[in-house]
Amino acid sequence: MARMRFLVGGLLFLALLRLGAAAEATAAAGVVSVDGRRAIASTSEDFVCATLDWWPPDKCDYGTCSWGRASLLNLDLSNKILLNAVRAFSPLKLRLGGSLQDKVVYGTGDAQGPCAPFVKNASEMHGFTQGCLPMRRWDELNAFFQKSGAKIVFGLNALNGRVPLQDGSMGGNWDTTNAASLIRYTVSKGYIIHGWELGNELSGNGVGTRVGADQYVKDVIALKSTVDNVYRGNPTKPLVLAPGGFFDAGWFNELIVKTRPNLINVVTHHIYNLGPGVDTHIIDKILNPTYLDGMASTFSDLQGLLKAAGTSAVAWVGEAGGAYNSGHHLVTDAFVFSFWFLDQFGMSAKYDTKSYCRQSFIGGNYGLLNTTTFQPNPDYYSAINRVSVTSEGAHGHTARKHSRKFAQAAGAMREEYHLTAKDGDIQSQVMMLNGRALVTVADGNIPRMEPARVDGAQHIVIAPYSIVFAHIPYFHAPACS
């Protein structure tokens, strides 16, 4: 079975191939036609996004503590690989947030009590007490963001001022005091923030707790008012984003309708469609096109709500780690996960998603970087290749199981990027580019993505379990002009 994805804009084309057992030993030829006259959707240069989280080192799942020192509060910002890995995207959008963001207070002076770190406590929501972001650390983070060229979206604590309701949800108006203080401090220091996002996973049934849609609308409007007031006269005004939770059609529709046409800029939702990280069948799900296609309805439904409402708001995936509770070592941080990751890129873009934030840039078992060594994991190279190649115009093909050949018209030389797993092991954490291992060198520089130059008259040959990007410079797509 062949499954194709087209995005005529960067002309990104993904083909996920899976043949029956009888054809396993033979290569199969296929013909792909791309209609360059019609654009299905478009994405911008900062479509790729990743997250930085708050989890302390003692955040553990299923007996494994995989976060190390990857928290916003303790990440080594002087690491050369970290700096270069962010810089390489030019720009990379970073969303700062996660489960603990609704327990973060900001040490701006208005908060009562000392600026204390998170402390593990099993009786607390998400297993930790309230924690504090010191302004000294906020200064350090912003110095890094400026140096690396990252575009920052900050997730605000949306539970300040709430009271528990009898149905288990949280009610009452959001207390904007501490958030407004952080925003004012940020503006006073000249720090550039791309967007302020309200809350984390409080929509629908919520994770840990929830807030009703009608109340959330009031709170989004309060955030919008705060941003407008603080940034009045400022040449750049950040985006307002919400709700950063799992898609619930009724809840999201109420938020979208009541904030139209322009009280909210971005509607964000989260994706963990592969189940818990402890699941032993994650690879089976990743290699099953039918299973992966199950997410299409979420993207399509959200696209439909936005269109029907007549809002100016757009959709982003604000956090996506595939497998929740920190992922699964040697699966969500290995080569095989790129089949899920690139499939998500193509599917989300098809339904007009404007940005896709991967959980995480570093931390847990699903980081783009190794938490300990900072070496890029395979998905980092899949993401950077997607950015660098599609910025020039490309066709990308991914083959899940068996060899395929795609006919190509004669013409100029083309560039091909063949991504494979080291030693053919799809659970390897080392990605090969045209047979060369991708690893950082002693100075922390990210290896260059050097293509193979191929006669355009030759077939594009895709090996089993490989990913191929082909840059075809002479392809004319009127829709992109």
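Predicted model: local features only at pLDDT ≥ 70, side-chain atom pairs only at ≥ 80, totals over all residues.

Colleague: At roughly what angle do the axes of α3 and α4 cross?

Modeller: The axis of helix α3 (residues 177-188) comes within 10 Å of that of α4, and the two cross at roughly 30°. That makes α3 roughly parallel to α4, given that angles under 35 degrees count as roughly parallel, over 145 as roughly antiparallel, 65 to 115 as roughly perpendicular and the rest as oblique. The axes are lines fitted to C-alpha atoms, for helices over the stretch in contact, and the angles run from 0 to 180 degrees between N-to-C directions.

Colleague: And how do α8 and α9 cross?

Modeller: Helix α8 (residues 296-309) and helix α9 (residues 337-350) have axes that come within 9 Å and cross at roughly 25°. That makes α8 roughly parallel to α9, and α8 passes α9 in a right-handed crossing.

Colleague: Changing topic, how many salt bridges are there?

Modeller: The count comes to 20 salt bridges, each being a side-chain nitrogen of Lys or Arg within 4 Å of a carboxyl oxygen of Asp or Glu. One of them joins the side chains of arginine 162 and aspartate 219, at 2.6 Å from N to O. Arginine 162 lies in the loop between β8 (151-156) and β9 (163-164) and aspartate 219 in helix α4 (residues 213-230), so this pair ties together parts that are 57 residues apart in sequence.

Colleague: Are arginine 162 and aspartate 219 buried or exposed?

Modeller: Arginine 162 is buried, with a relative accessible area of 8%, and aspartate 219 also counts as buried, at 2%. Here buried means under 20% relative accessible area, exposed over 50%, and partly exposed in between (1.4 Å probe, protein chains only).

Colleague: What about arginine 453, which residue does it pair with?

Modeller: Arginine 453 forms a salt bridge with glutamate 415, and their closest N and O atoms are 3.8 Å apart. Because arginine 453 sits in strand β21 (residues 452-454) and glutamate 415 in strand β18 (residues 414-421), the pair ties together parts that are 38 residues apart in sequence. Arginine 453 is exposed at 56% relative accessible area, whereas glutamate 415 counts as buried at 19%. Elsewhere, salt bridges that share partners join Asp46, Lys93 and Lys151 into one network.

Colleague: One last topic, where is threonine 51?

Modeller: Threonine 51 has its place in strand β4 and counts as buried, at 0% relative accessibility. Its C-alpha atom is separated by 9.7 Å from that of isoleucine 152, although threonine 51 and isoleucine 152 are 101 residues apart along the chain.

Key. Residues numbered from 1 in each chain as written. Heavy atoms only, no water. Helix = DSSP H or I, 4+ residues; strand = E, 2+ residues; numbered from the N terminus. Left-handed = near helix turned anticlockwise from the far one by under 90°.
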